[in-house]
Amino acid sequence: MKLRICDSVNEAAMATAALVVEQLRSKPASVLGLPTGRTALPIYDALVGLHRAGRADFSRVHTVNLDEFVGLSPTDPGSFRGFMERHLFHHINVPADHVHFLDGDARDTERECDEFERVIASLGGIDLQLLGVGRNGHIGFNEPARDLQLRTHRVRLRMDTRRANAGPFGGRVSEVPREALSMGMATILEAASIVLVALGGSKASAVASAFSGRISTDKPVSFLQLHPSVTVIVDREAAARLPSRRISPRAPAESNLQRHANGSSRRRR
Ligand code: GLP
């Protein structure tokens, strides 16, 4: 796992957007896996800026989003589809029929989930999966549980997750759907590369589990340690609970990155 510690939200967003642009340069017809949430906002702003500056062309890209609330139609403003339209899709040149989304309002959600897996497979899999992380360590909507699901599935959301998602529902937790459809752990981990972004002190514990050297279904994010190509981009607050022997608060970000890379390769030997 590569770690990059940034001094500001803007730096983290630009670093993430730069990885997306690099991906599009090496493969213009990339399949991008995309998240929603507050963390994604500055990243999408950065991508829209790069697109307007002529530096990011999405004309051959396909997108697949991680998850969607059950019971919300794609036109519902609270839906993740609505979020993506407002913050990214309306502002870039991705063709409408290249945007692939779980329909939370589907009558048969099991079939919808299976169909989503088929779409991803027919696209040849995800090239680059962008991820945020929940405070409790969830990725997509793979909540901490005794067992995690491999494939796209219907999931009951935990109260803390509904609380964290209450913003777009006027802050009213009771309005946040109780269930969602989400890519499974294998759907995510089969992406060729993964970039996880975490900002703020509330994510520090989740970030620490991504570097703990242990995997646990209590911290779904910890499974990223099994993937051969993961970059984690954080600000200093989100890095606060990483082992102090690797992270010095005053050291420049690049040397932290180097120190971390050295530390993890030593451990693997
Ligand atoms: C939701 C999404 C996740 C996202 C998480 C973090 O639960 N399902 O994909 O990573 O929120 O959101 P935020 O970036 O707003 O903290």
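User: Which residues form one aromatic cluster here?
Analyst: Phe 69, Phe 80, Phe 141 and Phe 169 form one aromatic cluster. This is a predicted model: local features need pLDDT of at least 70, side-chain atom pairs count only at pLDDT 80 or more, and totals for chains, interfaces and linings use all residues. Residues are numbered from 1 along each chain as its sequence is written, and side-chain values use heavy atoms, with hydrogens and water left out.

User: How many aromatic pairs does the structure hold?
Analyst: Four. Rings of Phe, Tyr and Trp (its six-membered ring) pair if their centres lie within 6.5 Å; planes under 30 degrees apart are stacked, over 60 edge-to-face, the rest tilted.

User: Why is the pair of Phe 69 and Phe 80 called tilted?
Analyst: Their planes sit at 40°, so the pair is tilted, with ring centres 4.6 Å apart. Phe 69 is in strand β4 (residues 67-69) and Phe 80 in helix α3, so the pair ties together parts 11 residues apart in sequence. Helices (H or I, at least four residues) and strands (E, at least two) are DSSP runs, numbered from the N terminus.

User: Are Phe 69 and Phe 141 buried or exposed?
Analyst: Both are buried. Buried means under 20% relative accessible area, exposed over 50%, partly exposed in between (1.4 Å probe, protein chains only). Phe 69 and Phe 141 form a tilted pair too, 5.8 Å centre to centre with 45° between the planes. Phe 141 is in the loop between β6 and β7 (153-156), 72 residues from Phe 69.

User: Switching to charges. How many salt bridges are there?
Analyst: Nine across the whole structure. A salt bridge is a side-chain nitrogen of Lys or Arg within 4 Å of a carboxyl oxygen of Asp or Glu.

User: Which residue does Asp 7 form a salt bridge with?
Analyst: Arg 236, with the closest N and O atoms 2.8 Å apart. The pair links distant parts of the chain, 229 residues apart. Asp 7 is exposed at 56% relative accessible area, while Arg 236 is partly exposed at 24%.

User: And what does Glu 117 meet in a salt bridge?
Analyst: Arg 151, at 3.3 Å, N to O. Glu 117 lies in helix α4 (residues 109-122) and Arg 151 in the loop between β6 and β7, so the pair ties together parts 34 residues apart in sequence. Glu 117 is buried, with a relative accessible area of 16%. Arg 151 is partly exposed at 34%. Salt bridges that share partners join Glu 117, Arg 151 and Glu 190 into one network.
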